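Here is a friendly walk through a two-chain model. Keep the sequence and the 3D view side by side as you read.

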Amino acid sequence: MKLKGKVFKYGANVDTDAIIPARYLNTSAPAELAKHCMEDIDATFVKKVKPGDIIVATSNFGCGSSREHAPLAIKASGVSCVIAYSFARIFFRNAINIGLPLLECAEAVDNIKTGDALEVDLVKGTIKNITKNKIFTAKPYPDFMSELITAGGLVAYTKKRLAQAKA
Amino acid sequence: MNLAEKILAAHCGRKVVAPGEFINARVDMVLSNDITAPIAINEFRRLGVSKVFDKSKIVMVADHFVPNKDILSAEQAKQMREFCKEYGIRFYDVGEMGIEHVLLPEQGLVLPGDVVIGADSHTCTYGAVGAFATGMGSTDIAVAMATGDIWMKVPPTIKYVYHGQLGKWVGGKDLILYTIGEIGVDGALYAAMEFTGEAIEELSMDGRFTMANMAIEAGGKAGLFHVDNKTQLYIKSRARQSYLVYESDNDAEYQDVIEYDVTAIEPQVSLPHSPANAKPVTKVGGIKIDQSVIGSCTNGRIEDLRLAAQILKRHKVHQGIRCIILPGTQQVYLDALAEGLIETFVKAGAAVSTPTCGPCLGGHMGVLAEGERCISTTNRNFVGRMGSPKSEVYLANPAVAAASAVTGKITHPDEVMK
């Protein structure tokens with residue numbers, strides 16, 4: 001699957017309060033959450049983001065709370081994937097579980113600027129910076145994680161597992 | 001193996017596990033709250049199972065936006081209440097609830113050697129009783145409620161050794177803020193933190209809960225303490241069932257061992273907007289504040305309130321400063337009442353609230369306006385955490401928060417307790 005979009009680049013330690021402030025957690029409706037995505041650190045994000053766009057950040061993206069609302073808000077805002085040096089542990093689980101693709105690739109992050117156009121091939125794990133005409137390869141997922149992603153997230157994976165246990 | 005590895009091995013039917021391995025761990029307690037449970041409930045229903053794996057091992061606590069702060073929050077709490085009734089799950093509602101991470105240990109629901117998962121990042125708090133406890137998302141919790149197990153990657157463990165003796169007004173909060181200041185908010189990313197050393201042996205259970213609670217603020221997956229006499233004493237009267245105590249082997253492997261001498265450490269204050277911006281309180285330079293919050297899953301236990309009361313017994317809250325004190329559970333509230341702490345607080349001009357996470361995450365009961373500063377015993381000082389994105393949060397221990405409420409600026413407790 002190929003994803004294409006323009007880049008919104010942020011720095012280190014983008015926390016879940018920045019991704020979706022807690023004051024909006026009185027609902028879990030993705031479309032509602034998307035209205036406030038990145039609001040406190042980038043007030044213009046919601047106005048500018050288009051379907052397919054890509055968030056790029058440095059280290060520890062998604063640190064802080066366990067709110068699954070964070071990847072839900074990003075996904076519902078139209079963002080197709082997030083590329084970073086590294087992700088906070090719970091955010092990483094949540095994103096995989098709900099089907100928001102994440103890629104770890106420091107070299108790509110260092111060679112991408114806000115506004116660059118990217119093409120990401122999730123199967124090959126390649127990140128192409130169309131603006132700069134450079135290609136990078138993301139860190140491959142461990143086998144188990146690939147299995148989860150291929151199954152379509154944790155609920156689909158578990159459904160399959162439960163069905164097999166019954167059979 | 002180390003403590004974390006031993007507990008995880010015992011929960012996946014293996015003799016040995018090593019960092020980096022994927023396992024399916026059996027869980028002893030599955031937790032969610034009024035913010036995270038609604039998604040977990042929806043995902044649970046999508047799984048299409050007719051019952052939960054074991055209703056005695058699931059707990060839901062309404063604590064973040066309750067007593068309901070608005071209609072939408074009321075709907076979320078209602079959804080939880082109804083789901084718990086339908087499936088026979090223990091639900092802690094207003095009047096008996098407390099902040100989840102103060103409540104569960106107090107009620108003996110988390111025990112040494114347990115694997116506990118919760119849809120709340122501060123689930124790592126239970127490492128204080130020697131459990132492997134970690135935060136996850138709502139979907140993880142939905143699956144665990146159905147199956148009784150969850151996938152995990154065995155984390156490497158970093159051992160933190162605290163030598164020396166803690167000074168006056170220095171406790172668990174200061175040790176953990178100091179540690180995060182040293183290693184950064186991703187200093188223990190994906191790792192289990194094991195807290196040891198003679199300063200840890202001297203630390204009370206309440207102090208240990210505070211430290212374990214903030215392991216996540218260093219990116220940690222868990223923050224563990226070994227079970228000693230203090231733990232046994234705490235657990236004995238509370239445990240509802242038997243438990244197993246695990247110890248790290250002498251030849252256990254660690255990703256790193258980091259040692260600190262804590263003798264000279266002062267009370268710490270973490271400046272906006274990162275818990276890693278920790279500084280000794282005397283180096284902060286009397287920053288003016290508008291509000292002081294004492295409570296939360298980090299510092300809402302009886303010992304925290306006693307510290308605050310020690311200062312507020314002799315002093316009044318400064319004119320123009322809002323001091324808000326939130327006992328962590330109904331039991332903490334009752335104990336504080338019996339000890340006269342609540343009267344002390346009210347007479348000093350503080351507002352005392354029913355237990356709630358409320359102000360910590362900018363929910364209710366003390367939201368900040370633009371340009372306002374708050375000293376808080378909570379755990380995060382991110383942009384907009386307690387309200388306006390243009391407000392500021394300073395993290396500190398309860399004595400510093402109380403002393404600052406008295407002077408109106410960030411203050412070392414010694415300054416008001418001469």
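## Helix α12 of chain B and its surroundings

Let us begin at the end of a helix: α12(B) is followed by B:G340, which has a positive phi, near 80°. The model you are looking at is predicted, so please read every value here as computed from it.

Within α12 of chain B, which covers residues 330–338, the buried residues are B:V332, B:Y333 and B:A336. They lie on the same side of α12(B), because the arc they cover around the axis is only 105°. What do the buried residues of α12(B) pack against? Their partners are three helices of chain B: α4 (100–106), α11 (302–312) and α13 (341–348).

The buried residues in α11(B) are B:I302, B:D304, B:L305, B:L307, B:A308, B:A309, B:I311 and B:L312.

## The four-stranded sheet of chain B

Chain B has an open sheet of four strands in the order β10-β9-β8-β11, with parallel pairing. Its edge strands are β10 (222–225) and β11 (256–261), each of which pairs on one side only. From one strand to the next, the twist averages 20°.

Strand β9 of chain B (residues 192–196) runs parallel to β10(B), and four bridges join them. Here B:F195 stands opposite B:F225 of β10(B). Helix α1 of chain B (residues 3–10) packs on this sheet and touches β8 (157–163), β9 and β10 of chain B. The direction of α1(B) makes about 105° with that of β10(B).

## A closer look at B:L224

Beyond its neighbours within four places in sequence, B:L224 is in contact with B:L3, B:A4, B:G127, B:G130, B:F132, B:A192, B:M193, B:E194 and B:F195. As for B:S32, it is 192 residues from B:L224 in sequence, and the two are 21 Å apart in space, C-alpha to C-alpha.

## The five-stranded sheet of chain B

Chain B also has an open sheet of five strands, again with parallel pairing, in the order β4-β3-β2-β5-β6. At its edges stand β4 (90–92) and β6 (132–135) of chain B; each has a single partner strand, so one side of each is left without a neighbour in the sheet. On average, neighbouring strands of this sheet are turned by 20° against each other, direction ignored.

Strands β2 (residues 29–33) and β5 (residues 115–118) of chain B pair in the parallel sense over three bridges. In β5(B), B:V116 is the residue opposite B:M29. Helix α5 of chain B (residues 138–147) lies across β2, β3 (58–61) and β5 of chain B, and runs at about 135° to β2(B).

## Chain A as a whole

Now for the partner chain. Chain A has eight helices and seven strands. Its radius of gyration is 16 Å, close to the 15 Å that the globule rule gives for 167 residues, so chain A is as compact as a globular protein of that length. The C-alpha trace of chain A spans about 50 × 40 × 25 Å along its principal axes.

Of the 167 residues in chain A, 49% are buried. Among contacts in chain A with a separation of 6 or more, 67% come from residues 24 or more positions apart.

## A hairpin in chain A

Strands β6 (residues 126–129) and β7 (residues 134–137) of chain A run antiparallel and are joined by four bridges. A:N129 has A:K134 in β7(A) as its bridge partner. The hairpin of β6(A) and β7(A) has four residues between the strands, and A:N133 takes a positive phi near 55°.

## Where the chains meet

How many residues of chain A are in contact with chain B? There are 36, and they meet 43 residues of chain B. The elements of chain A that give two or more residues to this side are α1 (16–19), α5 (89–98) and α8 (154–166). With six residues, α5(A) gives the most. The residues on this side of chain A divide into 14 nonpolar, 13 polar and nine charged.

Key. Residues numbered from 1 in each chain as written. Chains lettered and ligands numbered in written order. Predicted model: local features only at pLDDT ≥ 70, side-chain atom pairs only at ≥ 80, totals over all residues. Contact = placed C-beta atoms within 7 Å. Nonpolar A, V, L, I, M, F, W, Y, C, P; charged D, E, K, R; others polar. Buried ≥ 20, exposed ≤ 12 C-beta atoms within 10 Å, placed from the backbone. Arc of directions from axis to C-beta. Pairing = 2+ DSSP bridges. Axes fitted to C-alpha atoms, helices over the stretch in contact; angles between N-to-C directions. Rg over C-alpha atoms; globule rule 2.2 N^0.38 Å.
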